[in-house]
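Reader: I am new to reading protein models. Could we take one feature after another?

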Amino acid sequence: LLPFWPLWLLVGASYEAAHEGEGAPGGRRPVVLLHGFAMNRTNWIWLGRRLAHRGIGPLYGTSYFSPQAVRRSAEHLGRFIERVRARETCERVDVVAHSLGGVVVRYYIERLGGAKHVGRVVTIGSPHHGTVIARLGALFPSARETIAGSSFYAELGPLVAREGIAFTSVWSRADAIIEPPESSSI
């Protein structure tokens, strides 16, 4: 997907026309697609179209500057969710997040008051408890924060079950980036 990276300004913002929010046919809730480290919303091109084809959505992708601190990325996510909620006239969105995106959405929910605006979270290979591989990118704030055992995770704390939010973590014991792989488990 790296060849599509320069297209992020043009592609992947939305995969389906806007609907009338949760009152739309079938009561579908908007879904925000959140990418991982050193990626952007174009990483969802194929999966986003497949999800839309299956009737999931409306789907919205956003790009954030992943090397920055997780808090700044979570603030960006909060502003984006507000715009989606206004466009769709709904109270909550669902979020599908890959890798660092899962940590960003957790921070938004746990530390920035996002719990009232999110209904479901699905994370794919997200370092919920850190990864030793992040040491390779230690020049970047978000990489330093996602090192296993960092003070960032002490601040974030364990995932707290919240009424109205369903969490799903998709992960693999064969993951070569999230080390140890069980760190992706919620």
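**Pockets, sheet and a buried histidine**

Author: Start with the second largest pocket: helix H1 (45–53), strand E3 (93–98) and strand E4 (118–124) each supply at least two residues of its lining. Helices (H or I, at least four residues) and strands (E, at least two) are DSSP runs, numbered from the N terminus. This is a predicted model: local features need pLDDT of at least 70, side-chain atom pairs count only at pLDDT 80 or more, and totals for chains, interfaces and linings use all residues. Residues are numbered from 1 along each chain as its sequence is written, and side-chain values use heavy atoms, without hydrogens or water.

Reader: How much space lies in the second largest pocket?

Author: First, the idea: on a 1 Å grid over the protein atoms alone, a pocket is an open set of points where a 1.4 Å probe fits, with protein on both sides within 12 Å along at least five of seven lines. Lining residues have an atom within 4 Å of a point. Points are joined across faces, edges and corners, and the volume is the space filled by probe spheres set on them. Here that space is about 230 Å³. Of the 13 lining residues, Val31, Ile56, Asp94, Val96 and Arg120 are the closest to the centre.

Reader: Which strands stand at the edges of the sheet?

Author: Two strands pair if DSSP finds at least two bridges between them. Here five strands form an open sheet in the order E2-E1-E3-E4-E5, with parallel pairing. Strand E2 (59–62) and strand E5 (166–170) are at the edges; each has a single partner strand, so one side of each lacks a neighbour in the sheet. From one strand to the next, the twist averages 15°. Look inside the sheet too: six bridges join E3 to E4. Aspartate 94 stands opposite arginine 120 in E4, and both are among the residues closest to the centre of the second largest pocket.

Reader: Is histidine 128 buried or exposed?

Author: Buried means under 20% relative accessible area, exposed over 50%, and partly exposed in between (1.4 Å probe, protein chains only). Histidine 128 has 3%, so it is buried. Its place is the loop between E4 and helix H4 (141–145). Contact means heavy atoms within 4.5 Å. Not counting residues up to four places away in sequence, histidine 128 touches several residues, including Arg106, Thr123, Tyr153 and Ser184.

Reader: How far apart are histidine 128 and leucine 159 in space?

Author: They are 8.5 Å apart, C-alpha to C-alpha, and 31 residues apart in sequence.

Terms used:
Axes are lines fitted to C-alpha atoms, for helices over the stretch in contact, and angles run from 0 to 180 degrees between N-to-C directions.
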